[in-house]
Amino acid sequence: MRKPMVAGNWKMNGKSADNAALLEAVRGLGDECANVTVAVCPPFVYVPQARQALEGSGVAVGGQDCSDNDSGAFTGEVAAPMLADVGCEYVILGHSERRTLFGESDTQVAAKYRAAQRAGLKPILCVGETLEEREQDVTEEVVGRQLDAVIDAAGVASLEGAVIAYEPVWAIGTGRTATPEQAQTVHRFIRERVAAHDAGVAEGLVLLYGGSVKPDNAGELFGCDDIDGGLIGGASLKADAFGDICRAAERSRD
Ligand code: PGA
């Protein structure tokens with residue numbers, strides 16, 4: 001049985017004093033939702049604050065991106081070994097904001113994926129189509145291509161126990177959530193695509209849905225067969241909402 005997961009993607013939000021209150025509330029979720037992997041991914045500069053506040057709570061910390069290089073003259077970049085060094089367990093890679101606003105290619109994302117694994121981090125690999133692509137009916141083509149880039153570069157074994165987040169770009173921060181059926185269809189597609197290479201790896205994949213997940217839609221989404229939890233943006237900045245979403249994940253395996 002796969003363990004459900006809820007990860008908060010704070011994006012470029014936060015301030016020490018506000019983070020402290022939020023982290024204090026998140027801390028309690030480690031015990032309260034013991035059957036869920038709960039993680040928060042703050043901006044790099046707040047990773048040590050999050051680590052310290054969550055110490056011993058069972059709540060994991062992740063970065064939001066990493067370089068594909070391990071060290072060197074890359075001004076402004078943060079390397080995967082550095083994230084591991086300051087206590088990150090996870091790193092979000094290939095988020096659509098990185099792909100669209102910062103021009104990250106599938107190949108680059110795959111290189112980052114390899115760098116993260118070299119450093120012992122667990123990547124949360126994001127895939128998803130734009131509205132235009134959905135309307136053109138090429139969702140599976142796009143998601144398949146994003147997935148294949150990683151399989152080609154790192155091999156299917158690199159997906160053993162991996163976390164993949166399906167995030168339709170049109171649902172991110174828009175308040176427009178994919179219906180459970182739409183999300184389940186793509187999640188099923190992802191699992192089948194990986195199963196074509198290795199059925200065991202596919203079965204163990206933790207597949208998160210992301211895109212306007214809120215307390216009032218989380219239960220229905222997490223109830224779908226191939227949806228193992230969520231990657232939460234906006235709602236992860238509100239203690240009550242994030243807690244309710246984690247509780248929905250905890251109930252989803254009842
Ligand atoms: P959202 O963001 O929950 O604010 O839509 C999700 C994400 O981008 O990871």
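Biologist: In which loop is Ser-212 found?

Modeller: Ser-212 is in the loop between β7 (206–210) and α11 (215–222). Keep in mind that this is a predicted model.

Biologist: What is the phi of Ser-212?

Modeller: Its phi is positive, about 55°, although Ser-212 is not a glycine.

Biologist: Is Ser-212 buried or exposed?

Modeller: Read the relative accessible area. Buried means under 20%. Ser-212 has 9%, so it counts as buried.

Biologist: Which value does phi take at Asp-137?

Modeller: Phi of Asp-137 is near 65°, again positive in a residue other than glycine. Asp-137 belongs to the loop between α7 (131–135) and α8 (139–154). Now apply the accessibility test. Exposed means over 50%. Asp-137 reaches 70%, so it is exposed.

Biologist: Let's turn to Arg-2. Where is it found?

Modeller: Arg-2 is in the segment before β1 (5–9). Its relative accessible area is 16%, so it counts as buried.

Biologist: Which residues does Arg-2 touch?

Modeller: Leave out residues up to four places away in sequence; then Arg-2 touches several others, including Arg-191, Gly-204, Leu-205 and Arg-253. Look next for polar partners. The side chain of Arg-2 has a polar atom 2.7 Å from the backbone oxygen of Glu-203. The side chains of Arg-2 and Asp-228 are joined by a polar contact of 3.0 Å.

Biologist: Now strands. Which strands pair with β5?

Modeller: Strand β4 (residues 90–93) pairs with β5 in the parallel sense, over 4 bridges.

Biologist: How do I find empty space?

Modeller: Rolling a probe the size of a water molecule over the atoms shows where empty space is left. Here the structure holds 1 cavity of 30 Å³ or more. The largest cavity has a volume of about 40 Å³.

Biologist: Which residues line the largest cavity?

Modeller: Among them are His-95, Arg-99, Cys-126, Gln-146 and Glu-167. The elements giving two or more residues to this lining are α5 (96–101) and β5 (122–127). By type, the lining has 2 nonpolar, 5 polar and 2 charged residues.

Conventions: Residues are numbered from 1 along each chain as its sequence is written. This is a predicted model: local features need pLDDT of at least 70, side-chain atom pairs count only at pLDDT 80 or more; totals for chains, interfaces and linings use all residues. Side-chain values use heavy atoms; hydrogens and water are left out. On a 1 Å grid over the protein atoms alone, a cavity is a set of points where a 1.4 Å probe fits but cannot get out, and a pocket is an open set with protein on both sides within 12 Å along at least five of seven lines; lining residues have an atom within 4 Å of a point. Grid points are joined across faces, edges and corners, and a volume is the space filled by probe spheres set on the points. Ala, Val, Leu, Ile, Met, Phe, Trp, Tyr, Cys and Pro count as nonpolar, Asp, Glu, Lys and Arg as charged, and the others, Gly among them, as polar. Two strands pair if DSSP finds at least two bridges between them. Buried means under 20% relative accessible area, exposed over 50%, partly exposed in between (1.4 Å probe, protein chains only). A polar contact is a pair of N or O atoms within 3.5 Å; within protein, one must be able to donate a hydrogen and the other to accept it, and residues adjacent in sequence count only if both atoms are side-chain atoms. Contact means heavy atoms within 4.5 Å.
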